[in-house]
Amino acid sequence: MDEGTPHHVNEGTQGQDVIVGIDLGTTFSLVAICDERGPRCIPDDQGRALLPSVVRYESPEATGPLRTLVGWQARDESAEHPRTTISSVKRLMGRSLSDAAGDASVLSYEVVEGPGQTARVRLPTGGAGRLVSPQEVSAAVLAELRSRASAALGATVNKAVVTVPAYFDDAQRQATRDAGRLAGLDVVRIVNEPTAAALAYGIGLERSARRNAVPPEGVSVAVYDLGGGTFDVSILRVSPASEAGETSYYEVVSTAGDTRLGGDDFDHALARHVLDSTSGQRLDDLDAGDRRALVLACERAKRELSDRLVATVVANLPSGGVTRLDVTRETFESLIAADVERTFQACARAWNDAEAKLPPGGVESVVLVGGSSRIPLVRRRVAAFFGVEPYAALDPDQVVALGAAVQASILQHAGTGRVVTGGGVGRPLLLDVVPLSLGIETVGGAVAKLVMRNAAVPAVAREMFSTSVDGQTSIRLTVYQGEREMAEHCRKLGEFHVRGIPPMPAGIPQLEVTFLIDANGVLNVAAVERRSGVRAQLQVVPNHGLTREEINQIQLESIAHTKEDMTRHRVTDLIASTKLDLKWIGETLARWRSSLEPEYVRSLEAGLGQVGAMIDAASADWRSVDPDAMHKAKDALDRASMKLHETAIREALRTTGSPPPG
């Protein structure tokens with residue numbers, strides 16, 4: 001007997017690289033640093049901390065490197081380039097096409113199935129199109145943030161702490177790490193977004209604790225995180241240090257959420273209402289450009305309705321015409337009420353899981369995170385559910401990035417165990433949890449759970465399994481994540497095989513399986529058959545992630561095309577500068593030809609013709625010219641034209657008393 005599923009057996013900084021914090025968001029992303037001045041976000045050259053998580057692929061080719069435009073311009077022009085502008089890609093990270101079907105229907109670009117059942121973006125190019133993974137799109141955003149931080153800090157940034165929704169599963173976390181690697185970043189830690197927000201919140205508590213305004217046992221904090229594409233809630237016990245140098249504790253007690261619920265859904269709900277009220281069309285009926293223009297207009301109106309009772313949705317459609325509708329805050333709140341209530345279903349789960357560790361009064365403070373938490377309806381419902389007014393001193397758009405920077409500082413100063421936060425020097429200890437249970441499929445399709453949800457990380461769990469059929473020489477171990485009891489209702493993360501087991505009667509082999517979850521929440525699995533010593537282990541590469549080979553290939557392609565990109569850049573610059581030279585030389589020659597020897601004129605015209613032909617060829621196809629030869633021809637023409645310019649100056653002075661223009 002070759003193989004079968006296992007049978008469950010019950011048995012008892014100085015000199016260091018700077019590390020930045022990055023909030024890789026669905027709608028906006030930020031990068032932050034933490035030093036003696038405290039944590040702060042790094043703005044762009046126009047003073048904007050937020051970077052739209054939007055990437056446009058410019059003139060994508062079937063092969064070769066992809067040229068990208070990232071950020072504000074890509075976002076503002078997305079309605080004109082709907083098929084090549086990628087937004088909200090975080091919703092596709094680490095997911096299959098079937099997982100992403102609900103989101104793909106409202107996106108302006110095409111989402112198709114790629115290798116390993118992964119959701120991929122198909123760019124409109126020659127032939128069947130070119131597939132781009134969500135990791136590559138996210139890498140472009142991370143690379144832009146890395147470049148911003150490097151410029152501001154005066155040193156190349158190579159390491160980062162990156163945040164993810166607390167309810168991201170193993171596949172989505174691995175996809176985030178892969179995106180960092182593609183951007184040239186070593187992701188030294190993945191931190192849950194609500195936990196990062198609590199770290200930023202804790203800095204203020206440090207000051208309060210030193211004023212004896214916080215009890216020694218700390219406070220219970222709920223972090224309500226409603227972003228552009230995901231929702232999370234985490235309940236923590238935060239015990240700040242009362243004096244500099246003491247240890248402060250951040251213990252995540254429970255977490256819950258929904259990775260398919262956020263501000264994007266509110267935008268789409270408003271867009272559907274606008275269409276229904278103006279034309280009777282469905283959102284899916286619009287072409288990609290019109291749909292994108294309308295959704296952007298609805299996003300702007302949504303933001304206005306947080307401060308005003310009425311806003312006007314004005315969408316200039318690329319296909320022609322304008323869609324316009326006045327919307328009241330009351331109407332908008334009625335459109336999103338059901339989705340907002342879904343967030344409190346998750347809040348109730350988190351509360352129930354944490355109840356035993358909460359004080360008699362329940363949650364003592366609520367921190368709001370994410371731009372959508374500014375919506376008045378959300379704030380009213382949060383206050384009503386938790387029984388306390390939300391803490392509003394922190395910018396909900398920036399708080400996660402600030403917390404990531406605090407965690408980055410913790411890691412950067414790990415040798416000393418101390419971290420500079422601007423509010424003093426302490427020794428923060430962060431205790432996070434596993435968002436979803438993890439287990440192994442057993443005979444009959446059941447799941448034996450080794451690690452339960454809300455278990456503290458890092459975590460180690462071991463279980464014994466055996467065979468269910470005589471003579472098995474191989475056991476397939478399939479890893480699942482989820483809360484249901486049967487494998488068909490849980491998320492398959494991957495599988496591996498323990499081969500070479502000596503044939504034995506069913507139930508005799510002793511297979512010890514170990515789950516190790518690191519501080520990033522990433523799962524490693526090992527198995528050993530005790531009687532024979534046969535071993536197998538792996539870091540689970542989810543079915544819906546990039547394989548290590550794909551990651552390596554993408555990186556190799558980037559390296560391989562570096563010379564090509566630099567050559568293209570050089571040719572482009574040569575074309576621009578040489579065209580200007582030809583203009584000046586041609587105009588001067590036309591004016592002073594009669595003052596020059598015929599032989600010299602013929603020689604100069606031959607040079608102009610040769611260089612002009614090179615420019616024409618390079619403009620048609622940059623690969624058709626040798627940039628070194630082109631530079632030499634340009635240089636030779638410049639030297640040959642010196643006599644022309646000297647003659648022009650001399651003749652101009654003789655006839656007018658002033659040198660020629662230029």
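Two strands count as paired here if DSSP finds at least two bridges between them, and strands themselves are DSSP runs (E, at least two residues), just as helices are runs of H or I with at least four, numbered from the N terminus. On those terms, β11 (residues 119-123) lines up with β12 in the antiparallel sense, over three bridges. One of the residues involved is L123, whose bridge partner in β12 is R130. Together with β10, these strands make an open, three-stranded sheet in the order β10-β11-β12, with antiparallel pairing. At the edges sit β10 (110-113) and β12 (130-132), each pairing on one side only. From one strand to the next, the twist averages 45°.

A word on the source: this is a predicted model, in which local features need pLDDT of at least 70 and side-chain atom pairs count only at pLDDT 80 or more, while totals for chains, interfaces and linings use all residues. Numbering runs from 1 along each chain as its sequence is written, and side-chain values use heavy atoms, with hydrogens and water left out.

As for the chain overall, its secondary structure comes to 15 helices and 31 strands. Of its 662 residues, 54% are buried, that is, under 20% relative accessible area with a 1.4 Å probe, protein chains only. The accessible surface (Shrake-Rupley, 1.4 Å probe) is about 28300 Å², and carbon and sulfur atoms account for 49% of that.

Next, a helix pair. Helix α6 (residues 263-278) packs on helix α7 (residues 288-304) at about 110°, with the axes 8 Å apart; axes are lines fitted to C-alpha atoms over the stretch in contact, and angles run from 0 to 180 degrees between N-to-C directions. The two helices are therefore roughly perpendicular to each other, the label for angles of 65 to 115 degrees. On the α6 side, the contact (heavy atoms within 4.5 Å) involves residues including F266, L270 and V274, and on the α7 side residues including L294, V295 and C298. By type, the contact residues split into nine nonpolar, two polar and three charged.

Finally, A166 lies in the loop between β13 (159-164) and α4 (170-182). A166 is buried, with a relative accessible area of 0%. Leaving aside residues up to four places away in sequence, A166 touches R173, N192, E193, P194, D232, S234, T255 and P435. In the case of D232, 66 residues of sequence separate it from A166, yet the C-alpha to C-alpha distance is 6.1 Å.

Note on methods. Buried < 20%, exposed > 50% of the residue type's maximum accessible area, 1.4 Å probe, protein only. Parallel < 35°, antiparallel > 145°, perpendicular 65-115°, else oblique. Nonpolar A, V, L, I, M, F, W, Y, C, P; charged D, E, K, R; others polar.
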